[in-house]
Amino acid sequence: MSAREKIIAAIDERTPAYRKIALDIHARPEVSNYEFFACEILSEQLKREGFSVTVDVAGHRTGFVAAYKGAGPGPVLVFLAEYDALAGLGHGCGHNLFGAGASLAAAGLKQVVDEVGGEVRVYGTPGEEGGENGSAKGSFVREGYLKDVDAALCAHPGTGPHTLTDEGLACAPVDVEFWGRAAHASSAPEDGRNALDGLILTYNGINALRQHLTSDVRVHGIIVNGGDAPNIVPAYARAKFYIRAATRPRRDEVYGKVESIVNGSAQMTGTKGRMRPYQNLIDNVVITPSFDAVFAREMEFLGEKIETPRPGPKGSSDVGNVSQAVPTIQPCLSISEATLAGHSEEFRAAACSERGLRFVPLAGKSLALTALDLILEPDTLAAIKAEHRRKVAEQRQA
């Protein structure tokens, strides 16, 4: 039996167990930094598969690393696993499938890694949706977990046709805070310094800035604290904003402009203003077309059609942070023929449907076979890494 045949047979054998894991995680949704059940069920399964597992990594208590090193030399290949849910909605982005599919891919590849060489890992990365201690992939990069990695692979649930890796915007999730001085709003307003005024000036300043931003930039936010009572001059006010752009350098440029608005608003109102990230910054996705081409070849082998992503508005994902460090793919594999809005009740239902559960073995096989190609074709891997270096350099010059 060839290595490819062994992988497919191993994944077929394990599919019922990993489908059940996906359903169990769907039934117990957990938000960022609280994915205790999902972290445990995935990491324990990988232990049973023979991986060495460490939980609580890179500063994330619900993160994990599972690793298995083959008998011979070869590349280090990482499967990225997400498993967080959306607050108030549950698995409306399908991460219950994401984590199960990535783990199954690793389990399949492990069956042949002693034969073909290399090392296979799973990085359990909490909080892709943000939230408390969110966007863990940025921490994995910062803490050096990608330094010895040759390539990273994952697949995301989608709707409509299967699509290759899509662009994702760089994003800075920030808190904007103002501190003033409380006073009676009617009898002694002259004694107060209105923190809410500083925040509203910032909000309006951002609206004025939009006229002078490129079309890829998005700045949007909410006010989460505007004071305690109408008859008290607000001494504190806070908002949350996302600052997004097509590239990391442009995001940082717009970040500076918004920060200047905050500082100017503070000066105008006699308050103190501050803007700072409340979780990891998210980088844009660097696409490596030659890597996607290997994945497309394996999808064709499996009898699946896959398309290039359609142009249109983009979101953000911390897979972008990984893609800045190493060649990375994140195709979207369909869980519904109908096009469904992400982060919706309909998407949540699809993520536990019979059609949705087909994602688990398809992601497992397509990702594992793509990883096998990188091991067996060192020239292909070298070309992918060279193209990735060029793509990263090009965005810095844009």
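**Reading a sheet and a buried threonine**

Author: In this predicted model, F178 stands opposite A237 in β10.

Reader: Which strands pair in the antiparallel sense over ten bridges?

Author: The general idea is that strands of a sheet pair through backbone hydrogen bonds, in either a parallel or an antiparallel sense. Here the two partners are β8, residues 170–179, and β10, residues 236–245.

Reader: In what order do the four strands of the open sheet lie?

Author: The order is β9-β10-β8-β11, with antiparallel pairing. An edge strand pairs on one side only, and here the edges are β9 (218–225) and β11 (272–277). On average, neighbouring strands of this sheet are turned by 20° against each other, ignoring direction.

Reader: Which helix lies across β8, β9 and β10?

Author: That is α5, residues 195–209, which runs at about 20° to β10. Helix α6, residues 248–269, also packs on the sheet and touches β8, β9, β10 and β11. The direction of α6 makes about 160° with that of β11.

Reader: Now a single residue. Where does T165 lie?

Author: T165 is in the loop between β7 (162–163) and β8.

Reader: Does T165 count as buried or exposed?

Author: The test is relative accessibility, and under 20% means buried. T165 has 5%, so it counts as buried.

Reader: Which side chain forms a polar contact of 2.8 Å with that of T165?

Author: The partner is the side chain of D292. The side chain of T165 also reaches the backbone nitrogen of Q330, at 3.0 Å. Leaving out residues up to four places away in sequence, T165 touches V285, I287, D292, P309, I329, Q330 and P331.

Reader: And the whole chain: how many helices and strands are there in it?

Author: The chain has twelve helices and 14 strands. Its radius of gyration is 23 Å, close to the 21 Å from the globule rule for 398 residues, so the chain is as compact as a globular protein of that length. Along the principal axes, the C-alpha atoms fill a box of roughly 85 × 45 × 40 Å.

Reader: What share of the 398 residues count as buried?

Author: The share is 56%. The accessible surface of the chain comes to about 16,500 Å², and 51% of that belongs to carbon and sulfur atoms.

Reader: What share of contacts between residues at least 6 apart in sequence join residues at least 24 apart?

Author: In this chain the share is 81%.

Notes:
Residues are numbered from 1 along each chain as its sequence is written. This is a predicted model: local features need pLDDT of at least 70, side-chain atom pairs count only at pLDDT 80 or more; totals for chains, interfaces and linings use all residues. Side-chain values use heavy atoms; hydrogens and water are left out. Two strands pair if DSSP finds at least two bridges between them. Helices (H or I, at least four residues) and strands (E, at least two) are DSSP runs, numbered from the N terminus. Axes are lines fitted to C-alpha atoms, for helices over the stretch in contact, and angles run from 0 to 180 degrees between N-to-C directions. Contact means heavy atoms within 4.5 Å. Buried means under 20% relative accessible area, exposed over 50%, partly exposed in between (1.4 Å probe, protein chains only). A polar contact is a pair of N or O atoms within 3.5 Å; within protein, one must be able to donate a hydrogen and the other to accept it, and residues adjacent in sequence count only if both atoms are side-chain atoms. The radius of gyration is taken over C-alpha atoms; the globule rule is 2.2 Å times the number of residues to the power 0.38. Accessible areas come from the Shrake-Rupley method with a 1.4 Å probe; for residues, only the protein chains shown count as cover.
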